[in-house]
Protein chains: 2
Amino acid sequence: MNYSSQQLSLFTQQVFKKCGMNSDDALQAAAVLIAADLRGIDSHGVARLSGYVRLFEAKRANMNANHKIIHETPSTATVDADEGLGLVVAPKAMEIAIEKAKQVGTGWVAIQNSNHFGIASYHAMKALPHDMIGIAMTNASPLVAPTFSKQRMLGTNPICYAFPTSKHLPIVIDMATSAAANGKLEIAQRTGKSIPNNWVQTKEGNESMNANELSNGGSLLPLGGHKGYGLASIVDILCGVLSGANYGPWVPPFVSFLNPLPNLPGNGIGHFLGAMRIDAFRPAEEFKNNMDNWIDSFKNAARIDENQTVIIPGEPEYFLEMERIKNGIPLNEKVILDLQELAHKFNLSL
Amino acid sequence: MNYSSQQLSLFTQQVFKKCGMNSDDALQAAAVLIAADLRGIDSHGVARLSGYVRLFEAKRANMNANHKIIHETPSTATVDADEGLGLVVAPKAMEIAIEKAKQVGTGWVAIQNSNHFGIASYHAMKALPHDMIGIAMTNASPLVAPTFSKQRMLGTNPICYAFPTSKHLPIVIDMATSAAANGKLEIAQRTGKSIPNNWVQTKEGNESMNANELSNGGSLLPLGGHKGYGLASIVDILCGVLSGANYGPWVPPFVSFLNPLPNLPGNGIGHFLGAMRIDAFRPAEEFKNNMDNWIDSFKNAARIDENQTVIIPGEPEYFLEMERIKNGIPLNEKVILDLQELAHKFNLSL
């Protein structure tokens, strides 16, 4: 069944307001979630709304958070998110990064004491209208085992870079550093299909093609083996250690039924955001024209199958967004039930 | 046969000086090559010396280069390497990044008109003694095909991050964004072994386990499929498009017997370097103590095989370096012949 983005946004805002969030923050939080649904990253959209509510009810998310800058230099800032939602603080922190980039060429913001921020691309893409490159990363609840280990030590820790262009669509590379993102596992779970043998391992560390292996105590595998372990570590250190947030096995779980570990070394989860002004390196028009040329060359690269084009990162998500703005967002039954439960709880209509 | 690092460094310096390089630059270039041999990245060490000489002889590398800053802001600079070797200009550009980080928190340098810079970790690690995070990337001759293409469009485009620590060794993550680096292919070629089926494809784009597939017109595959294509693109855009260097299929080949394509969109190859001062985000001691804690937690993560420890990135290279400083650098026969040829050509003794 399809829902319009307006309808889902309004509902999401109402839910957040029922949890005590002010209107501006609720509008922002909803915008990030709906962007995920529009762009086809369904696991990060309204499917997570009830999860945020449960975190609030467990007193692990502050819906009235006032973030503050706790340290800064001309090109950097460290932000304390006051236990708020990353959905709300990350766009504000991205504004800080953009402002610093306007002043000194680049701006970098490390955020501690936060909760999950939705899709990384929403935040990175905020840099694009300013002719800046946008960067966004976050650490997340441990699900991924480092190479040679069977223990969940790292999150799916996504990296996103957004690059402005001239006539073409911007390039937006947004990827989990695990072999497969949770969303892909969930699709396999729903369809009952087996998965490639490099996505998960059993709790003993053996190969598995079972999409439900995580519920048996298994773990996700890093992208391409030890290199993905390295990439996830970079994200964890920048988001967690540099900001003063938690890191590694201590990153608090998103699901409210799991408690954070005792003796946490930091505060909440962490994000790392950046904005680089193009004309801090070369004139923006030159860069953007060369980006178009880059894209043209990749679109025209020799194909293996004449019917399968070479994909430019960000294009499929953009086209899906256009289609879903027009035809609505398809939600699966489980998500609809979840939203209906929220509607019932808060006396709202979906 | 083992050679001492001093002996190889002296020889390398003499060769570069015979090509007209001044003593300081020759010392620097040799230091980067020998660091690769010491750290076990044998493909990037003195094995490449004759390649640099051939580029010089083909008038594609300037051994008397004077790099200059062609654009800058408080946190950024764009450097024209004057067709010099990346081995020489990258350490100088890293100094610029470090100086800017001292002033405004972070420093970022994009370099155009360069040639290959050796191992990325050498450059990133220059930030460590300053209590800074070091970042180094470079684009490189096209060998990797983007997803759904059979055309070589991207280099092995490495990414390196170096993080300072307190009592433990620094974490140094240095990885090609292709499934396998050239060095690993070369080892398989020498030993005649077959390779995993996700390293290379045939010139038609079919699966292959043949380590010699590149000489049949095949291409390398990106790390973990389309995500590696995304990562290699990030590196190519930051190093090539942002700096004004060449990018994608236009990156000039390292081997002198292949000519650059006509109508190049930029100058030479490109690098991208960064330095982030830790205390621009939080006190350096706090960060470094938490890095130690991060490392301890990963070292103690549950093992799959009790005899196989979880590896901390940078540790194996460090221990190999200590061993090779003591016992010398083992060179294979082909590399020794190559160096002997250089010795003969320049009337030097190896």
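Leaving aside neighbours within four places in sequence, which residues is T202(B) in contact with? T202(B) is in contact with E207(B), S208(B), E213(B) and G218(B). Contact means heavy atoms within 4.5 Å.

## Basis of the model

This is a predicted model: local features need pLDDT of at least 70, side-chain atom pairs count only at pLDDT 80 or more, and totals for chains, interfaces and linings use all residues. Residues are numbered from 1 along each chain as its sequence is written, chains are lettered from A and ligands numbered from 1 in the order in which they are written, and side-chain values use heavy atoms, with hydrogens and water left out.

## T202 in chain B

T202(B) sits in a loop of chain B, between β8 (200-201) and β9 (207-208). Helices (H or I, at least four residues) and strands (E, at least two) are DSSP runs, numbered from the N terminus. The relative accessible area of T202(B) is 13%, so the residue is buried. Buried means under 20% relative accessible area, exposed over 50%, and partly exposed in between (1.4 Å probe, protein chains only).

## T138 in chain A

T138(A) belongs to strand β5 (residues 132-138) of chain A. With a relative accessible area of 6%, T138(A) is buried. Not counting residues up to four places away in sequence, T138(A) touches F117(A), N157(A), P158(A), V235(A), C239(A), I269(A), G270(A) and H271(A).

G270(A) is 132 residues from T138(A) along the chain, with a C-alpha separation of 6.0 Å. A polar atom of the T138(A) side chain lies 3.2 Å from the backbone oxygen of G270(A). The side chains of T138(A) and H271(A) make a polar contact at 2.8 Å. A polar contact is a pair of N or O atoms within 3.5 Å; within protein, one must be able to donate a hydrogen and the other to accept it, and residues adjacent in sequence count only if both atoms are side-chain atoms.

## The chain B sheet

Chain B has an open sheet of seven strands, ordered β2-β3-β4-β11-β5-β6-β7, with mixed pairing. β2 (68-73) and β7 (171-175) of chain B stand at the edges with a single partner strand each, so one side of each has no neighbour in the sheet. Neighbouring strands of this sheet are turned by 10 degrees against each other on average, direction ignored. Two strands pair if DSSP finds at least two bridges between them.

Strands β4 (residues 106-114) and β11 (residues 269-277) of chain B run antiparallel and are joined by seven bridges. V109(B) has L273(B) as its bridge partner in β11(B).

## A helix across the sheet

Helix α8 (residues 284-299) of chain B lies across β5, β6 and β7 of chain B, at about 70 degrees to β7(B). Axes are lines fitted to C-alpha atoms, for helices over the stretch in contact, and angles run from 0 to 180 degrees between N-to-C directions.
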